[in-house]
Amino acid sequence: MSNVSAATGQPLALAGEEGGPRPAPASMLDAARLVLLRDLKLAFRRRGQLVQPLAFFAMVTTLFPLAVSPELSRLREVAPGVLWVAALLASLLALEFLFRDDAHDGTLEQYSLSGQPLTWLMLAKTVTHWLLTGAPLALMAPLAALSLGAPGASLPGIVICVAVGTVALSLIGSIGAALTLGIRRSGVLLALLTLPLSLPVLIFGARATELAIRGAAYGAPLELLGAMAILGVTLAPLAAAAGVRISLE
Amino acid sequence: MNWIWFHRLASPPYIFALARRLTPWFGWTSGILMAAGLYGGLVLAPPDYQQGDGFRIIYVHAPSAWMSLMVYTTMAVAAAIGLIWRIKVAHAVAASCAPIGASFTFAALATGSLWGAPMWGTWWQWDPRLTSELILLFLYLGYMGLRGSIEDTQRADRASAVLAVVGIVNVPIIHYSVTWWNSLHQAPTVMRFGRPDIPPAMLVPLLIMLLAFTLFFAAVLLVRLRGEILSRERTASWIREALEP
Amino acid sequence: MPIQGLQAENLHLWRGERHVLDGVAFTLPPGFCLHVAGANGSGKTTLLRAVCGLLYSESGRVLWNGRDVSEDLAGFHSGLIYIGHEPPLKSDLSALENLRYWLGVRRRLGPTLLEAALQRVGAGAFRDRPVRTLSAGQKRRVALAALSLALVPLWLLDEPTTNLDAAGQQLVGTLIEEQLARGGLVLAATHQELPVARERVRRLELAVE
């Protein structure tokens, strides 16, 4: 093989020759780190969009005093349910950000051809998504709870419950988000698919929050919530990766 | 191990012909069993000591509820087979199951509501079993909605197959959660027999109805399956010969 | 470097009811480029995607180095790069950042290597601007930089010369020739002619159904 281009007659440069040793292949951890960094960087370039699910959450919780009653004693009774329904709806809205852009510009395609396990990359994306949407929701939840009459002592418990619950919700939501890629105006369908699967999280999360607000021990439902999150970590990325591959076919 | 039977089952023309031959057997047997079961349950069985004659709707309600779950399982298994081994007929089976399962679920909900209404005084209560049935209905609607939203048949098959498998994994979790939720709030449940030891006169018609409903499902499935295969294979060459009388 | 190259045997693929790939077969030894030619709709993109494994072919198989790729899809993927019609760039990131995240998932590449590659393809001037401000031709140059950095034996390119000016097309030719000189393989689907030396190019003509 000659080192001169037949078309132009110029000498050919071979990559890596002047650059020193051949670059090492990326490990799974490298890949996950890059997925995380890229998604974080992209989210912060569009900071305005990050706030939207939080604003939605705040607004939905405001609806209930207006629609039901401003008496804190009555609101305190429904506070766990209101918090969780609002968190569920807000995280449904936020699911739009998870895969849509990557599907449009070919990033998902490159991920599936990268040689890295697609399931692992989907997990990395979903965790990053939770950091951008679920974690802020968990931090906002105490404020909403206060406005609904929850006592101050219950706030740390509320943060923990919503944090663990939103992890499970992000994972469950990633499945529907992957399966509805490429369907136009799929917001309602995504909700229809994700809500039944999220009901266990809603049930246990609301119960744990209710116990926390009452000042009782909320360990039991919280543990079940955690178990669901762990189950989600192991199974949801598999389904999401399958959904992504199907959308690329 | 002889896999030929497996490959024949995967062939649309074979299944198409087989379905046509089997449908009358399932249909007539189901009809006879249903008549026997209804006679046994509505006429022969003694009235329940708590609910009187009102409990008799169980002979339609319980098999419907049972079938709603069994059809979902069948759907999920067929979808998984289609997904893993890429067998088109399996996807056609899953697609045919969905509306039947949704109908059974709706029937279970309606009969459940009718059963409870005289005792509750309202048309609905958040009984754990009814609530689980309602969520199952949403799962069916989601499955059918996903299928309907994707134009490409192959992609619709595969995406809804993943959803069906995810759904079947979730059904026990959802059922457990709803039962747990209900136990916290002590809502009354009336939809069971009034006595712990059920006499055979009450139980046997129930089992007959269960079998009848299963065969009915099989018959309807085979009819729908033929329609599904026809629509998927409409440009294939074997269709013309197969439709000759 | 592969000894036996890439082979496709009897690939059949249907999209809906259209029989897009009808028994397509080819052999591509190392150091050669396969020019997949054909009119619009003849299945060039479909063939490339089927070889990658993105699309499932109802029958037939693809052999890489003599082994069926379905036995080790991840290994096959780590030895190839596929660039479709649109370069897979994120519009909110700069060219440099795009390369870092796109290729970094496969290989650890330091910033000096990335900058040098962008410089080489004539993208040095706009490497820090967000990609949404770039023209189609500039985006394609960024994709070419990725090619030179990928360090994989197999390139699958869909319309590599679109949107490029004469100098840009020459660059594509040079890059491909360098890859072939290293013993690599290139699959290029295009209805235009490739600016690559004739003796290194084999042609596969696809017909519309």
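Student: Where is the place of Arg86(B) in chain B?
Tutor: This is a predicted model, where local features need pLDDT of at least 70, side-chain atom pairs count only at 80 or more, totals for chains, interfaces and linings use all residues, and side-chain values use heavy atoms, without hydrogens or water. Residues count from 1 along each chain as written, with chains lettered from A and ligands numbered from 1 in written order. Helices are DSSP runs (H or I, at least four residues), numbered from the N terminus, as are strands (E, at least two). Arg86(B) falls in the loop between helix H3 (58-85) and helix H4 (88-120).

Student: What is the phi of Arg86(B)?
Tutor: Arg86(B) is partly exposed, at 27% relative accessibility (buried is under 20%, exposed over 50%, partly exposed in between; 1.4 Å probe, protein chains only). Though not a glycine, Arg86(B) has a positive phi of about 55°.

Student: At what angle do H3(B) and H4(B) pack?
Tutor: Their axes, lines fitted to C-alpha atoms over the stretch in contact, are 7 Å apart. The pair is roughly antiparallel (over 145 degrees between N-to-C directions). The packing angle is about 160°.

Key
Axes fitted to C-alpha atoms, helices over the stretch in contact; angles between N-to-C directions. Parallel < 35°, antiparallel > 145°, perpendicular 65-115°, else oblique.
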